[in-house]
Amino acid sequence: MKLVITLSRRYGTGASQIAKELSEKLHIPVYDKAIVKERTEGDSYESETAVIRELAEEPCIILGRCASEILKDRRNVFNIYICAEKEDRIRRIMELENVSYEEAQARMKQTDRERSAYYHEHTGKAWGDVNNYHMILDTSELGTHRCADILIRYFERKEFI
């Protein structure tokens, strides 16, 4: 099976680290906003959708960009939502971006607002709604490494990989 993994996430959850670990273990690329935008002609959602559909022709991991909704009709797509406690997210942002608590908190709130609005604008659905994902993982409870391991074991057990 040509497994395509979509990762939707709150800002500061460590989802990028999970994607990186999965990429290394599964030997498949990760595509994020920057890569999708780089390959997009023009600045339209329809163009991004076409790029995401094209990328998903081969095994890959796609971070955000409403990929879970864009690819919802494909049987080889597994949609994951990554969450974490606010304080853990703030600490992670502080560490990664070398900013104060207040700045990390402000960035978290702003980015979450933007992601929620983007998702709703393009899908008409609520961002983070459990009904839109196959699995939800909490990095506060599990940690990023354990989340990646859980996913690998799950994919092996289901014979996706």
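Author: Contact here means heavy atoms within 4.5 Å. The model under discussion is predicted. By that criterion, and not counting residues up to four places away in sequence, Ile 152 touches Leu 22, Lys 25, Leu 26 and Ile 161. Ile 152 is found in helix α8.

Reader: What makes Ile 152 buried?

Author: The term buried requires a relative accessible area under 20%. The relative accessible area of Ile 152 is 11%, and Ile 152 is therefore buried. As for its position relative to His 122, 30 residues apart along the chain, the two C-alpha atoms are separated by 30 Å.

Reader: Why are α1 and α8 called oblique to each other?

Author: Two packed helices are described by the angle between their axes and the distance between the axes. For helix α1 (residues 15-26) and helix α8 (residues 144-157), the axes come within 9 Å and cross at roughly 45°. Angles under 35 degrees count as roughly parallel, over 145 as roughly antiparallel and 65 to 115 as roughly perpendicular, the rest being oblique. The angle of roughly 45° belongs to the rest, so α1 and α8 are oblique to each other. The crossing of α1 past α8 is right-handed.

Reader: Which residues make the contact of α1 with α8, and how do they divide by class?

Author: From α1 come Gln 17, Ile 18, Glu 21, Leu 22, Lys 25 and Leu 26, and from α8 come Thr 144, His 145, Cys 147, Ala 148, Asp 149, Leu 151 and Ile 152. By class, this contact has seven nonpolar, three polar and three charged residues.

Reader: Lys 20 also lies in helix α1. Why is Lys 20 called partly exposed?

Author: Partly exposed is the range between buried, under 20%, and exposed, over 50%. Lys 20 has 46% relative accessibility and so counts as partly exposed. The C-alpha atoms of Lys 20 and Ala 148 are separated by 9.1 Å, with the two residues 128 apart along the chain.

Reader: What makes α5 roughly perpendicular to α6?

Author: The axes of helix α5 (residues 86-97) and helix α6 (residues 101-123) come within 9 Å and cross at roughly 110°. Roughly perpendicular covers angles of 65 to 115 degrees, and α5 is therefore roughly perpendicular to α6. α5 passes α6 in a right-handed crossing. The contact involves Lys 86, Glu 87, Arg 89, Ile 90, Ile 93, Met 94 and Glu 97 of α5, together with Tyr 101, Ala 104, Gln 105, Arg 107, Met 108 and Asp 112 of α6. The residues of this contact divide into six nonpolar, one polar and six charged.

Reader: How do you know that Asn 76 is buried?

Author: Asn 76 has 18% relative accessibility. The limit for buried is under 20%, so Asn 76 counts as buried. Asn 76 is placed in the loop between α4 (67-70) and β4 (77-83). Leaving aside neighbours within four places in sequence, Asn 76 is in contact with Met 1, Lys 2, Leu 3, Val 4 and Ala 56. The side chain of Asn 76 reaches the backbone oxygen of Lys 2 at 2.5 Å.

Reader: Why is Lys 2 called partly exposed?

Author: The relative accessible area of Lys 2 is 43%. Lys 2 lies in the segment before β1 (4-9). Not counting residues up to four places away in sequence, Lys 2 touches Glu 57, Glu 58, Pro 59 and Asn 76.

Reader: What joins the side chains of Lys 2 and Glu 58?

Author: A polar contact of 3.5 Å joins these side chains of Lys 2 and Glu 58, and the criterion is a pair of N or O atoms within 3.5 Å. The C-alpha atoms of Lys 2 and Cys 60, 58 residues apart along the chain, are separated by 8.4 Å.

Reader: Are His 27 and Arg 65 buried or exposed?

Author: Exposed means over 50%; the relative accessible area of His 27 is 70%, so His 27 is exposed. Buried means under 20%; Arg 65, at 12% relative accessibility, therefore counts as buried. His 27 is in the loop between α1 and β2 (30-31), and Arg 65 lies in the loop between β3 (60-63) and α4.

Reader: What is the phi of His 27 and of Arg 65?

Author: Most residues other than glycine have a negative phi. His 27 has a positive phi near 60°, and Arg 65 has a positive phi of about 60° although it is not a glycine.

Key:
Residues numbered from 1 in each chain as written. Predicted model: local features only at pLDDT ≥ 70, side-chain atom pairs only at ≥ 80, totals over all residues. Heavy atoms only, no water. Helix = DSSP H or I, 4+ residues; strand = E, 2+ residues; numbered from the N terminus. Buried < 20%, exposed > 50% of the residue type's maximum accessible area, 1.4 Å probe, protein only. Polar contact = N/O pair within 3.5 Å; in protein donor to acceptor, adjacent residues only side chain to side chain. Axes fitted to C-alpha atoms, helices over the stretch in contact; angles between N-to-C directions. Left-handed = near helix turned anticlockwise from the far one by under 90°. Nonpolar A, V, L, I, M, F, W, Y, C, P; charged D, E, K, R; others polar.
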